[in-house]
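Student: Please take a close look at one helix pair in this model, and then at a few residues worth checking beside it. I would like one connected account.

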Amino acid sequence: MQRLIVGISGASGVIMGYRLLQVLRAMPEVETHLVITEGAVRNFALETPLALADVQALADVVYDNQDLAAPIASGSFTTAGMLIMPCSMASVAGIASGFATNLLLRAADVCIKEERRLVLVPRETPLSRLHLRNLTAAADYGCTIIPPMLTFYNGADTVEQQIDHIIGKCLQKFGLTYDKFRPWTGGK
């Protein structure tokens with residue numbers, strides 16, 4: 001069993017985090033530990049018809065974002081790492097500067113200090129130089145940055161297929177295979 005922390009922060013695109021949880025729920029070898037920021041809760045209400053309880057029900061364990069005593073706040077609680085989808089620029093800034101004032105940021109900080117995989121799916125456009133600086137700093141600390149950019153080589157022509165592609169790219173970083181991910185196989 002592999003423990004994976006899933007973070008959903010307050011960027012637009014929280015539906016990606018919901019879809020990620022659906023995909024992980026179908027993987028019995030993965031135990032999900034979920035933390036949702038207050039901004040993400042607001043975005044679920046603004047961007048989707050989903051009830052927060054339905055989102056949380058997809059995770060094995062759910063934590064309050066203000067609970068800095070949660071197991072995922074400690075390096076002694078072993079996980080495969082963390083995936084934050086979507087990752088707001090505020091969260092990227094907190095991660096890049098070590099400003100761990102909530103559980104999402106503290107869990108990310110733990111992954112960095114313990115040298116565990118930390119995948120960020122930043123959702124912002126356009127990116128300012130400040131955003132780019134923070135993303136570069138996060139990458140310098142070992143984070144993998146996977147922006148949810150459109151992909152066309154795989155024939156993805158719906159939003160759902162585009163999201164599935166990004167999820168597949170992210171899960172590869174944890175050694176997990178997602179059957180709806182279509183990798184590049186070379187030109188014909």
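Tutor: What follows covers a helix pair, then a residue in another helix, then the cysteines and a leucine. The model is predicted, and the values are computed from it.

The pair is α4, residues 89-97, and α5, residues 103-113. Their axes lie 9 Å apart and form an angle of about 45 degrees. The two helices are therefore oblique to each other, since an angle counts as roughly parallel under 35 degrees and as roughly perpendicular from 65 to 115. The crossing of α4 and α5 is right-handed.

On the α4 side, the residues that meet α5 are Ser91, Gly94 and Ile95. Their partners in α5 are Leu104, Leu105, Ala108 and Ile112. Sorted by class, this contact has 5 nonpolar and 2 polar residues, and no charged ones.

Asparagine 134 belongs to helix α6, which covers residues 129-140. Apart from neighbours within four places in sequence, asparagine 134 is in contact with Val92, Ala93 and Ala96. Its relative accessibility is 13%, so asparagine 134 counts as buried, the cut-off being under 20%.

Next, the cysteines. A disulfide requires two cysteine sulfur atoms within 2.5 Å, and by this rule the count is 0. Cysteine 111 is in no disulfide: the nearest cysteine sulfur belongs to cysteine 143 and is 8.7 Å away. Cysteine 111 is also buried, with a relative accessible area of 0%. For cysteine 170, the closest cysteine sulfur is that of cysteine 87, at 11 Å, which is too far for a bond. Cysteine 170 likewise has 0% relative accessibility and counts as buried.

What does leucine 20 contact, leaving aside its neighbours within four places in sequence? The contacts are Val6, Leu83, Met85, Ile167 and Leu171. Leucine 20 can also be set against leucine 58: the two are 38 residues apart in sequence, and their C-alpha atoms are 9.6 Å apart in space.

To return to the helix pair, α4 and α5 make a right-handed crossing, with their axes 9 Å apart.

Methods
Residues are numbered from 1 along each chain as its sequence is written. This is a predicted model: local features need pLDDT of at least 70, side-chain atom pairs count only at pLDDT 80 or more; totals for chains, interfaces and linings use all residues. Side-chain values use heavy atoms; hydrogens and water are left out. Axes are lines fitted to C-alpha atoms, for helices over the stretch in contact, and angles run from 0 to 180 degrees between N-to-C directions. Helices (H or I, at least four residues) and strands (E, at least two) are DSSP runs, numbered from the N terminus. Angles under 35 degrees count as roughly parallel, over 145 as roughly antiparallel, 65 to 115 as roughly perpendicular and the rest as oblique. A crossing is left-handed if the near helix is turned anticlockwise from the far one by less than a right angle, and right-handed if clockwise. Contact means heavy atoms within 4.5 Å. Ala, Val, Leu, Ile, Met, Phe, Trp, Tyr, Cys and Pro count as nonpolar, Asp, Glu, Lys and Arg as charged, and the others, Gly among them, as polar. Buried means under 20% relative accessible area, exposed over 50%, partly exposed in between (1.4 Å probe, protein chains only).
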